[in-house]
Structure formats: C-alpha cells, structure tokens
Amino acid sequence: MIDAVFKTDVAVFNYRVAGIWILDQHVLLHKNVNDEHWALPGGRVKITEESKTGLRREFQEELNLNVKVKRLIWTTENFFNYDGKSFHEIAFYYQVTSNNDYELKSGEFYGTEEDKPLVYKWVPIAKLDEILLQPEFLKNGIKNIPIHPEHIIIK
C-alpha cells in the first residue's frame, strides 16, 4: 500500500497518526537520529487504511510493539516547513497503551523506519518545556489532555 502523501510544486500534503503513550508521568517521544526536534511516535497512514490500524502498524514496524489504540485526543491541520519544503499535514492523535506489561526504559533506545534509525525516549511530562517538541502545542497539551477531542490549526 502507498502512504497518503502527495508532493506538489506548492507543498507536501501528509496524513499522519501519532500515539500519546503516558506511563508513570512520562510520555514516549521519538525523533529521526539527524533531527533536533522530538515528536510523538507514529507515522503516515496508508491509502485505504483506517487511522487506528495505521497507528498500530507504525508501532509494530518501528518498535515491534503491539499497542492498544484508545480514544482520539486531537485532530490537527499543521502548516510547517521541514527540510526546505512546505508541508500541509492532517494528523490524528490517539491515546495508546501497551497490550502487555511494559516497563519504562531509561535513556534513549532505538527503533527503525525504512532502514533509518529512530531515537525513542520516555520524557517526564514535567520536563517537556526543556526539549524541542513539535508541534509546539503538545508541551501544554500533554500536561492537560482534554476530555473531548479537540481540533487544532497550527500555522
């Protein structure tokens, strides 16, 4: 199946899902080994794939973990520049948990995306202000998870 990504002369359109996994007052984050900024783990949804299925697949591919996808927290329309390109991204952010007992890992550990190493880290929620986290709204959003899903536009 093909990722729901479309490249045009104007911008790249991207359909992404991400998991908010909170354990013992820590949240799981990841980044490309060459990037400065962190993000919530997830990835691109495939064309004809449901968003929850895509999120489970991403965790399985990158960390060899089965996760339970729970409720939808945020939908976003995110407009940003990355690697010299303009992006228009639609994203669904879901709460996730492990299907098995999972122990919090200390320090950084690695996963893989298409043969590129990804760095993962459990970050204390109280320390989110100290790191570069994208999109920026997540720093406060993770500290105050809404009761009902919210739609956010980021420019």
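**Reading the features**

Reply: Begin with the aromatic rings: Trp-21, Phe-59, Tyr-102 and Trp-122 are linked into a cluster by ring pairs. Keep in mind that this is a predicted model.

Me: How many aromatic pairs does a search of the whole structure find?
Reply: The search gives 12 aromatic pairs. A pair of aromatic rings is described by the distance of the centres and the angle of the planes. For Trp-74 and Phe-137, the centres are 5.1 Å apart and the planes stand at 90°, so this pair is edge-to-face. Trp-74 belongs to strand S6 and Phe-137 to the loop between S9 and H2, so the pair ties together parts that are 63 residues apart in sequence.

Me: Is Trp-74 buried or exposed?
Reply: Trp-74 counts as buried, with a relative accessibility of 2%. A stacked pair is formed by Phe-80 and Phe-87, with 5.1 Å centre to centre and 5° between the planes. Phe-80 is partly exposed at a relative accessible area of 27%, whereas Phe-87 counts as buried at 11%.

Me: Now the strands. In which sense do S6 and S7 pair?
Reply: Strands of a sheet pair through backbone hydrogen bonds, either parallel or antiparallel. Strand S6 (residues 67-82) and strand S7 (residues 85-98) pair in the antiparallel sense, over 13 bridges. One point to locate is Thr-76, whose bridge partner in S7 is Ala-91. S6 also pairs with strand S10 (residues 150-154), in the parallel sense and over five bridges. There, Trp-74 stands opposite Glu-150 in S10.

Me: What is the order of strands in the open sheet of four?
Reply: The order is S3-S4-S9-S8, with antiparallel pairing. S3 (22-23) and S8 (108-113) are the edge strands, each pairing on one side only. Within this sheet, S4 (residues 26-32) and S9 (residues 116-124) share seven bridges, and His-26 stands opposite Pro-124 in S9.

Me: What should I look for in the backbone angles?
Reply: Most residues other than glycine have a negative phi, and most peptide bonds are trans. Asp-83 is not a glycine, yet its phi is positive, about 55°. Asp-83 sits in the turn of the hairpin that S6 and S7 form with two residues between them. With a relative accessible area of 64%, Asp-83 is exposed. Asn-64, also not a glycine, has a positive phi of about 55°; its place is the loop between H1 and S6. Asn-64 is exposed as well, at 61% relative accessible area.

Me: Where is a cis peptide bond found?
Reply: A cis bond joins Gln-134 and Pro-135, with omega about -10°. Pro-135 is in the loop between S9 and helix H2 (138-141).

Me: How do I read the span of helix H1?
Reply: Compare the end-to-end reach with the expected value. H1 covers residues 51-63, which is 13 residues, and reaches 18 Å from its first C-alpha to its last, close to the 18 Å expected at 1.5 Å a residue. Its buried residues include Leu-55, Phe-59 and Leu-63, and Arg-57 and Glu-58 are also among them.

Me: Which residues make the nonpolar surface patch?
Reply: Ile-2, Phe-6 and Ile-47 make a patch of about 300 Å². Ile-2 lies in the segment before strand S1 (5-7) and is exposed, with a relative accessible area of 60%.

Technical notes
Residues numbered from 1 in each chain as written. Predicted model: local features only at pLDDT ≥ 70, side-chain atom pairs only at ≥ 80, totals over all residues. Heavy atoms only, no water. Patch = residues over 30% accessible without salt bridge, like charges linked within 9 Å, V, L, I, M, F, W, Y side chains within 5 Å. Areas by Shrake-Rupley, 256 points an atom, 1.4 Å probe, with all protein chains shown as cover. Salt bridge = Lys/Arg side-chain N within 4 Å of Asp/Glu carboxyl O. Buried < 20%, exposed > 50% of the residue type's maximum accessible area, 1.4 Å probe, protein only. Expected span 1.5 Å × (residues − 1). Pairing = 2+ DSSP bridges. Phe/Tyr/Trp six-rings, centres within 6.5 Å; stacked < 30°, edge-to-face > 60°.
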